[in-house]
Amino acid sequence: MGTACYSHQTRKQHLNDIRFGQQNLMFKMVISGIKVKNIQQQSAYVIVKVNEHLYKTTMIRYTKNPHWPQTFTFDLHIDPQSMQTQFFTLQILDDSDKIHYRIKYTIYEIASGPQHHDIMFSNKSSIIFDIKVAQRLHFKINTKHIRCILEEQLGDIAYSFLLKIKSQENESQSAISPKYMNPTYSQNDDIPYKYQHIKGGSQRHVSTKKALEAKNEILWEFRTEDSPSMEFDIFGNDFQITTFVFVLYANKQTKQEEYKRIGSTYISFNKFFYDNTAQIAQTDTLLIQEAQLNEQLISDGTYIGNWTGTFIIRSNQYVSQCSGVKTETGIVNQSTLLLKKAKSNNNTNKEVDWLIGLQIKVETLSQTMRDKKIKESEKIRNEIISTLAENHNIKYQSVDDMLHSQSVQIKLWKYLLEQSSKQQTEMVKEICFTVLSELIYRDDMDLDHLSIDTQIERIHNAQLFITLMIKVMPLCLQRVVDTSCSNKEHDFFVKFAVLSYFRVPQFKQALFPNIENILIHKFYDQAFQNEKGQQLKKELESLKLDIPDKQIVHFYYPFVIQWVNFVQCKFGFNVNWQNIQGYDEIVELLLSNIQLKNHKFIEASCAIINNSMLLSKFIHILFNQTKLYDAIQVFNTLNIVDVWLQKVNQNYHVLPTNFDYSFFFKGIKLILNGDHAVSISKSLQILYNNFHLITTEPKKELCDFLFSTDLFFKIFMHWSPLVRNTFIHLLIYRIQHRHKSLQSGFEKIRDINKELQYAFFKDYSQKERDQLINDMIYLKYSYIIQIIRKIYQQFQLYNGGKQYVQKVIQERSLKAKLIRKKAKEKKEQLLQNEKQNEQDSTTLKNSSRKSELPEISFQSQVSKAQSAIGFAERPNNSMKSLDDGNQKVDDEQVPDNTPINSEFYQSFSSFIDLNKILQEVEQEQENEENRRRLPKKQSNRCLSPNNVTKQQDMKILTRKFPELEFETSGLKASNLKYLQIAYQEYTIVQKEYLRWINQMKCNQRNLNQFEQVKDHQVPLLIIRVPKDESNQEAPQSDD
C-alpha cells in the first residue's frame, strides 16, 4: 500500500500558487449600536469614514444620551500593506457641524481588535459602538486519507465518497472519488494490494487477500493532487454556520455508474481548524494545514459506522478579531468592566458575582485554549461544569438587585453567543452553549419579573431583552435545521425556540398560524412605552421568520420535548394541558410525523404521553398504520408501545380510565396467532412488563385467550427459545406470582363462575369481585399446567419404551453380526465338505440347525420387549442373502439398527388422546372430593376470613379442575417435538423463581410490605433479537 505524503517540491508549488499570492484583501464591515452618554451639546449626529466609504447618522436633539439604531454595512477592498496606513474615523458633531469627539484607528487595529468599543473621554462622556469585521478567504481542501469502518459487512460491489461544503452564499462539492472494489467480489485474490495509475492520473483499488480479513473496512489513500478536492470562498465569521458534508456511496453494478447513498456526516467547518490540526507551512499570504477528523456515519438517523479522514487545507493568511472590549486604556475583558461597575456602585449582589464569575471562567478557558494549554483548559472546563451543577437558589434582597442581575444576564447571553460564533475550539463552544442552556429558563428572567413596575431601569432591561430576542430568533431558526450543529448547540437553540414561542407572540403565530386569539403579556405594553420601545415594536412586527417545514423532524421532535419540559417546569406536573395555547397543534404536529426508528420521536411521544389520556389515541393510530406481515415494523411498533406503557407506569402506576383494552388486545391476539417468532416474543414481553397495569376484568379476558389449548400449546412448545422463555416468564413471574394466593375460599372454577353470575344480587364489592376473578385466573393456570405435566409424563413413558427397544436392538446387533459371520463360515465349510464327502451331509445339517438357535432366541427377546411396552411399530427383522448365489437362510432373522426418525412425534401425537387426559383428571377430582368431603356446608359469603385458605409455600397448586372448558382438538406433532425441552425450561425458571421469591421475603421486614411491592419488583425481562433465527438466545431476566 502506498503512503500519501507531500514532498518538498509539492509544498513549494503550493506556496507559489498565484491564487494565494499577493492580492487585495476583502473585508465585510458592519457598524452598529452607536451610543453616546453625558454629552454637553443639545444636538448630535455621527459621521463614520473608512477610506472612500462615508456614512452619516440622523440628527438627535435635546438629550444627553443619544442612541442611533442604524446599521452600516459595506465591503472594503484593500491590499495588505495599506491596512497599516488607512484609517477608520468616527466623529460626533452638533447641528453647527462642530466636531466635539473623534476616534481614529488603523484598518488593521479594527480588523484584529475586539468587536465592542467603550471609550471614555476626559469630561466623563463616553461613546459605545460595535464593529464586526470578516475577511473573505479562499480555501482549497485536498483529501489525503479516508478510512470507513461499517457496522455490517460490505455487501456492494464498489464504494465511493463525495465531499461538500454548504454556506449561506454558495455550495461546493468535490468530484466523486475513485472506486474501492469490494474484495468479496474479486475474481483473483492473489493480486497485490496497491494502486494502479491509469490515464488521466486517477487511481483505483485492486483487491487482495489482506483486505478479506476486514470485510467491513473501506480505505482510500492518495499520493497526488488528483485526489477529491474542493475550492470555495467564505467569510471568516461564517465558519460556524458553514457545513462540511461527507457522503458515502455504493455501486451495485460495475459497468453502470449507479450510486446508492449509504450514509453521511454533517459537521461544522469550524472543526477543521482547532481539533487535531497541525500547521505544515506558512508564508505572508498562504497557510497550509493538515486536519484529521473522526466522525460517525449516519443513515436516516441510525448509526451505521465510523470514518476517519486526513485533509490538506490551503487558505489565505487571515486576520480575525479578538475577544474583549476596546477602551481608552486598551483591550480588556468584558467581565472586568462589569466588576468595575459593580464595585463603583458598592454592589454586594451574590447573583451578579456568580454570573460575572462564570464569564471570567469562560474568558480564561478561551485564552488557555488559544495558548494550547490543554491540561489547564480541562481543569477550567470541569470547574465551570461543577459550578453549573451546584444547587443554586436564586435569592435577591431587593428589586434593585434583581434589576442589576437581569442586566448582567442579558450581557452574558450576548457575550456567550458572540464567543460561540467566533473561530473557537469545540471545547469553548460546548461550554458557551452549556452555560446558555442553564441560564435560559431562569425564573428571574421571566416576563412577570421583567414587568413589575415602570421603573426606567426595568424598562431598559425589557427593551434589552426584546432586542436580544429579535437578534437571535432568525439565527435560531437557521441553526435548528442545520444537521452539522453539535448536540449542545442544537439543544440550546431548540430551547431558545421554545422560549420564543412562549414570550414572543409573533413567533407563536408564525409557527402555528391556526392559533386564534394569541395572548399578549402586559410586559410588551410597558416595553413599548417610549420612543425606543416604539422602534422595537416596528422591528418586531416587520421581522421575517423563516419557519422550518413541518417535515423537518430534526427540529420538531426536540422542540416538542423541550416544549413539554418548559410547561411542566413552569406549571408543575399536574397540568391542565387543554388550557395551554397550542397544545392541540403540538399533538397534531407529532402525529403527522411518525418515524418508528427515530429515538427522538420516541422521546417526543413519551413527553406528550405525560398526558396519559392520549395513550389510547396514540396506540390506535400506530396500530392502524402497522402492517401485520412486516416483522420489522411490527417490532418497532411494539417497542414504542412498550415504552409508552412504561412511561405511564412511571408517572401514574395505572392505565388511564379511557384506555381501549379491546382494541389493544385485538392487536396482541393477531400477533400471537401469527407465525413470526420475534413478533410473538415482543408482544409477550409487553404483557410481561405491563401485566400489573391491566385491571381485573380485561386481565380475565386476556388470560382466557392465553389459556386456550391451541394457543397455549403452540406458544409453550414453540420452536423458538425466545418465545418459549418469554411465555414461561409471563406465566411464572406474572400470573402465578400475582394470583397464587386463593383468597376467595373456592377451589373449583364452576363455583367461582356461579358466584360471579350472582355477584350483583349478593352485593359484592369491587374488591371482592376482583378476588374471585384473580382466583379463577390462578385455577385455570394450575389446570393447564397440570395437563402439560400429564402429557409430559406420557411422553416420558412412550419415549422410554422406544428407547428401551432401541437399546435392546443395539446390544444385540453386534452379536447378530458375529452370528452371521460364523454362520457364513460354517456354510462355506459345509459346501466344501459336501463336495468331498456326500455321506456326511446329515451331520452337517444338524450342526447348521444348532447355529440358528441363538438368533431365534434374540428375536423372541425383542418381541417380548416390544409387547411389554405396547410399542406399535415393529422393526424390520429380515436379513439379506449370505452369498452371491441369492441363497437365503430361512430362520436367520436379525434386526437392523434403525434410529428414531421424524415419524416418532407423529406417532406420539396419534397416541396421545387429550380428551382421555381430561377425563382422567376429572375422575381424579371426583375421587379426591369423595375422600375429603367436609361435613359442614360452605357459607354463602365466601370472602370471610374463616373461609380463606392458607397459602402453602410457593408451589403450584396441584389440585385438578376439570370444569375448564377446552376445545380438545388434539396435539400437533410439530409442537410435541419441543415438549421435553419446553418442560425442562419451565422447571428451571420455576426454581429460579423460588430462589428469587425467598430472597424477596428475606429483604422485606413484613408480609404487607411484600404484598405491596411484589408487582413492581419482578425481574426485568430483556429480549435480545438475533439476526439469525437459527442461532437464538433465550431472553434473560435481570435478577
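Leaving aside neighbours within four places in sequence, which residues is phenylalanine 716 in contact with? What you see is a predicted model.

Start with the inside. In general, nonpolar side chains tend to be buried together in soluble globular proteins. Here the largest nonpolar core has 166 residues. Those with the most contacts inside this core are Phe559, Trp563, Ile608, Trp644, Phe664, Phe712 and Phe716. Helix 25, residues 766–836, gives the largest share of the core, 12 residues.

Now back to phenylalanine 716. With the close sequence neighbours set aside, its contacts are Arg724, Phe727, Ile728, Leu731, Ile788, Ala982, Tyr983 and Tyr986. There is also a second, separate core of 35 residues, and Phe232, Leu248, Ala250 and Ile267 are among them.

Next, helix 16, residues 599–608. Of its 10 residues, 7 are buried, so the helix is largely enclosed by the rest of the structure. The buried ones are Phe601, Ile602, Ala604, Ser605, Cys606, Ala607 and Ile608. They pack against helix 14, helix 15, helix 17 and helix 18. The N-terminal end of helix 16 is capped by asparagine 598. A side-chain oxygen of that asparagine lies 2.9 Å from the backbone nitrogen of lysine 600.

Last, the surface. Phe573, Tyr652 and Val654 make a nonpolar patch of about 240 Å². Where is phenylalanine 573 in the chain? It lies in the loop between helix 14, residues 553–571, and helix 15, residues 583–591.

Definitions and conventions: Residues numbered from 1 in each chain as written. Predicted model: local features only at pLDDT ≥ 70, side-chain atom pairs only at ≥ 80, totals over all residues. Heavy atoms only, no water. Patch = residues over 30% accessible without salt bridge, like charges linked within 9 Å, V, L, I, M, F, W, Y side chains within 5 Å. Areas by Shrake-Rupley, 256 points an atom, 1.4 Å probe, with all protein chains shown as cover. Salt bridge = Lys/Arg side-chain N within 4 Å of Asp/Glu carboxyl O. Helix = DSSP H or I, 4+ residues; strand = E, 2+ residues; numbered from the N terminus. Core = buried A, V, L, I, M, F, W, Y, C linked by side-chain atoms within 4.5 Å. Buried < 20%, exposed > 50% of the residue type's maximum accessible area, 1.4 Å probe, protein only. Contact = heavy atoms within 4.5 Å. Polar contact = N/O pair within 3.5 Å; in protein donor to acceptor, adjacent residues only side chain to side chain.
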